[in-house]
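Trainee: I am new to this structure and would like to look closely at a single part of it. Could you take me through that part slowly, and then through what lies around it?

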Amino acid sequence: MSHPRPAPTLLDLPYTLSTEAIAQFQTAGFIKLKEVFDASTIAHYRQAIVAKVEEFARQAPPLSERTTYGKAFLQLENLWRTSAVIEEFTRSRRLARLAAELMGCDRVRLYHDQALCKEAGGGLTPWHADQHYWPLATDRTVTAWVPLQAVPAEMGPLAFAAGSQRILSGRHLAISDESEREIGLTIKDCPVNETPFDVGEVSFHAGWTFHRAGANRTDRIRHVMTVIYHDGDATVAEPRSSFHVNDLANWMPGCVPGGLAASPLNPVLWDRSWA
Ligand SMILES: O=C(O)CCC(=O)C(=O)O
């Protein structure tokens, strides 16, 4: 008996990206796209992600006892490994295709996903560049930042220093009070985009783009899901820090410097031949 093919959901349908949008991403190192998802898709996956965050939050120490990094957000990594519903979200072809087209790659792999939820009263996320942490021998890396509710200015929307992916100084700084201070000086000539997010809006930022987020001054938690992608043909770089050693073990187990960054935890999420 044959079964009708299920209709593709918004998670997998292509989002039309103009050549201007791609050029804007390449120039600024980030882009914010409206209506990538609709409210009902966000509400569906929000439920599954929030359940994991609430479980995790019960064990977190009080905000007052945490470091600057710890006050910035609750961080839950590779949630796709813990829930079939969240796996559907992380494997979204719509998001992965956007990542590939923005970076100009033939295919992208998952580096890892993570929920980054800024609690009510949570602190700022200091200026930093994500690729500081990643032992990948490519600049073709990108994070999709997907708010699970609207993020007004007072809740800590992600903010980007336009063009800062080309600045080399400050890249060596991990997320800290020092990175907030030093990178803040480094990017002083870059226009900063710190606009609110609507429901369904998604930003993409390159691995070397400096970004931050303000504190959450509301009485509600800011729930955000992120998916990080790398060029599907990228290789592993020689680890140069303990962060790199840990990332290699956690997100690319079994991979070795010089080899493809393609462990079983790094499936291809979009390939040009699928278009
Ligand atoms: O959500 C935040 O506050 C920071 C997010 C971030 O740094 C990232 O997604 O790379």
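Trainee: Which residues are buried in helix 1 (residues 19–28)?

Mentor: Please keep in mind throughout that this is a predicted model. In helix 1, which runs over residues 19–28, the buried residues are Ala-21, Phe-25 and Ala-28. These residues lie on the same side of helix 1, because the arc that they cover around the axis is only 90°. If you turn to the face of helix 1 that points away from this buried side, you find the exposed residues Thr-19 and Glu-20. The buried residues of helix 1 are covered by several elements, including strand 1 (30–33), helix 5, strand 5 (141–147), strand 6 (158–161) and strand 8 (202–206). After helix 1 comes Gly-29, and the phi of Gly-29 is positive, near 85°.

From helix 5, one of the elements that cover the buried residues of helix 1, we can follow the chain into the loop between helix 5 (93–103) and strand 3 (107–117), where Gly-104 is found. Gly-104 has a relative accessible area of 37%, so this residue counts as partly exposed. Once its neighbours within four places in sequence are left aside, Gly-104 is in contact with Gln-26 and Arg-140. Gly-200, by contrast, is 96 residues from Gly-104 in sequence, and the two are 24 Å apart in space, C-alpha to C-alpha.

Cys-105 counts as buried, because its relative accessibility is 1%. The closest cysteine sulfur to that of Cys-105 belongs to Cys-255 and is 17 Å away, which means that the two are too far apart for a bond. Cys-117 is buried as well, with a relative accessible area of 0%.

Polar atoms of the Asp-113 side chain do lie beside the backbone, at 2.7 Å from the backbone nitrogen of Leu-79 and at 3.0 Å from the backbone nitrogen of Trp-80. Not counting residues up to four places away in sequence, Asp-113 touches a number of others, among them Leu-76, Ile-86, Thr-90, Met-225 and Val-227.

Terms used. Residues are numbered from 1 along each chain as its sequence is written. This is a predicted model: local features need pLDDT of at least 70, side-chain atom pairs count only at pLDDT 80 or more; totals for chains, interfaces and linings use all residues. Side-chain values use heavy atoms; hydrogens and water are left out. Helices (H or I, at least four residues) and strands (E, at least two) are DSSP runs, numbered from the N terminus. Buried means under 20% relative accessible area, exposed over 50%, partly exposed in between (1.4 Å probe, protein chains only). Contact means heavy atoms within 4.5 Å. A polar contact is a pair of N or O atoms within 3.5 Å; within protein, one must be able to donate a hydrogen and the other to accept it, and residues adjacent in sequence count only if both atoms are side-chain atoms. The arc is that of the directions from the helix axis to the C-beta atoms. A disulfide is a pair of cysteine sulfur atoms within 2.5 Å.
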